Amino acid sequence: MSVLSVVNLKAKIGGRLIVDDASFEVEEGDVFFLLGPNGSGKSTLLKAIVGYPGVEVVSGRVLYEGVDITGMPMEERVARGITLAHQIPPKLVGVKLGGLLRTLCKKSGCDHEELVNEMEINHLVNRDFGKGFSGGELKRAEIALLLAQRPKLPLIDEPDSGVDVDSIAVIARGVKRLIESSPHKAAIIVTHSALIARYIPPTKVCVMIKGSIRLCGGREIVEEVFSHGFKELA
Ligand code: ADP
Ligand code: MG
């Protein structure tokens with residue numbers, strides 16, 4: 001069954017066309033990887049799917065669980081279970097990481113202490129979210145926040161960028177858990193290093209170049225891209 005269908009999507013930011021032509025399908029059990037060079041529009045595409053303010057869909061459709069969500073406000077999409085983990089999580093001044101996780105877990109019914117231990121963020125709980133966090137700490141905290149929301153379809157933007165090998169193992173464990181606890185057993189993961197593929201094998205891989213999805217296939221695409229680069233596909 002189809003979880004998410006993106007059909008001929010075009011999206012603008014500030015009047016400039018960023019997503020030029022995106023079509024793909026995420027089915028039950030799909031670990032969907034979106035690859036592409038910097039600036040190709042991957043983050044904007046994820047934002048368009050979650051209905052981020054400022055990202056204007058000018059044509060095409062997004063269907064989620066069989067419902068057309070293209071014009072739906074972000075809160076409603078999040079309430080339906082589509083949740084985004086940012087490439088660069090915003091700092092939350094005055095909001096302690098531990099308190100935030102506790103509040104989210106109370107709502108979703110998770111064990112926040114278990115999450116804190118699993119993502120190895122015990123030393124960060126009394127600090128403002130994101131303030132002075134290292135790259136790895138920020139990503140581990142962001143994945144913990146996502147886990148605390150128990151999304152049905154997590155959209156994870158570059159979980160593996162700016163983090164060291166030890167953090168990658170922890171982050172991959174968190175991402176695996178996100179997929180296992182999703183009723184659709186599905187996720188969309190944006191990456192341009194594909195280091196995460198060593199831990200979490202994708203079932204589908206698409207490559208986005210200059211705003212368009214140029215190529216889709218299976219795991220072999222990861223090897224192809226990282227042996228030959230994106231240039232041959234441009
Ligand atoms: P990727 O995630 O593939 O690196 P992005 O979606 O972040 O690409 O960016 C694609 C293009 O959109 C870039 O040229 C970027 O400068 C532009 N862009 C992204 N966000 C904004 C914004 N808020 N305002 C203006 N331009 C933006
Ligand atoms: Mg990006």
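Which cysteine does a disulfide join to cysteine 206? Before turning to the selection that settles this, note that the model is predicted, that local features need pLDDT of at least 70 and side-chain atom pairs count only at pLDDT 80 or more, while totals for chains, interfaces and linings use all residues. Residues are numbered from 1 along each chain as its sequence is written, chains are lettered from A and ligands numbered from 1 in the order in which they are written, and side-chain values use heavy atoms, with hydrogens and water left out.

**The disulfides**

Select cysteine 206 and cysteine 216, which are joined by a disulfide with an S to S distance of 2.0 Å; a disulfide here is a pair of cysteine sulfur atoms within 2.5 Å. Cysteine 206 lies in strand β11 (residues 204–209) and cysteine 216 in strand β12 (residues 212–217), so the pair ties together parts that are 10 residues apart in sequence. Strands (E, at least two residues) and helices (H or I, at least four) are DSSP runs numbered from the N terminus. Looking along the S-S bond, one finds an angle of 110°, and the link of cysteine 206 and cysteine 216 is right-handed. Cysteine 206 is buried at a relative accessible area of 2%, whereas cysteine 216 is partly exposed at 42%; buried means under 20% relative accessible area, exposed over 50%, and partly exposed in between, with a 1.4 Å probe and protein chains only.

Next select cysteine 105 and cysteine 110, whose sulfur atoms are 2.0 Å apart in a disulfide. This link is left-handed, with -95° about the S-S bond. Cysteine 105 is buried, with a relative accessible area of 2%, and cysteine 110 is partly exposed at 21%. A search of the whole structure finds two disulfides, and with bonded cysteines counted along the chain they follow the pattern 1-2, 3-4.

**Ligand 1**

For the polar contacts, meaning pairs of N or O atoms within 3.5 Å, begin with serine 40, where a backbone N or O atom lies 3.1 Å from an oxygen atom of ligand 1. In serine 43 a polar side-chain atom lies 2.9 Å from an oxygen atom of the ligand, and in threonine 44 the corresponding distance from a polar side-chain atom is 2.5 Å. Taken alone, ligand 1 exposes 560 Å², of which the protein buries 60%, with accessible areas coming from the Shrake-Rupley method with a 1.4 Å probe.

Helix α1 (residues 42–50) holds serine 43 and the loop between β6 (82–85) and β7 (92–96) holds glutamine 87, so the pair ties together parts that are 44 residues apart in sequence. Glutamine 87 is partly exposed, with a relative accessible area of 27%.

**Glutamate 118**

Finally, select glutamate 118 in helix α4 (residues 112–118), which counts as buried at 15% relative accessibility. Leaving aside residues up to four places away in sequence, glutamate 118 touches Val170, Arg173 and Arg177, where contact means heavy atoms within 4.5 Å.

Note on methods. A polar contact is a pair of N or O atoms within 3.5 Å; within protein, one must be able to donate a hydrogen and the other to accept it, and residues adjacent in sequence count only if both atoms are side-chain atoms.
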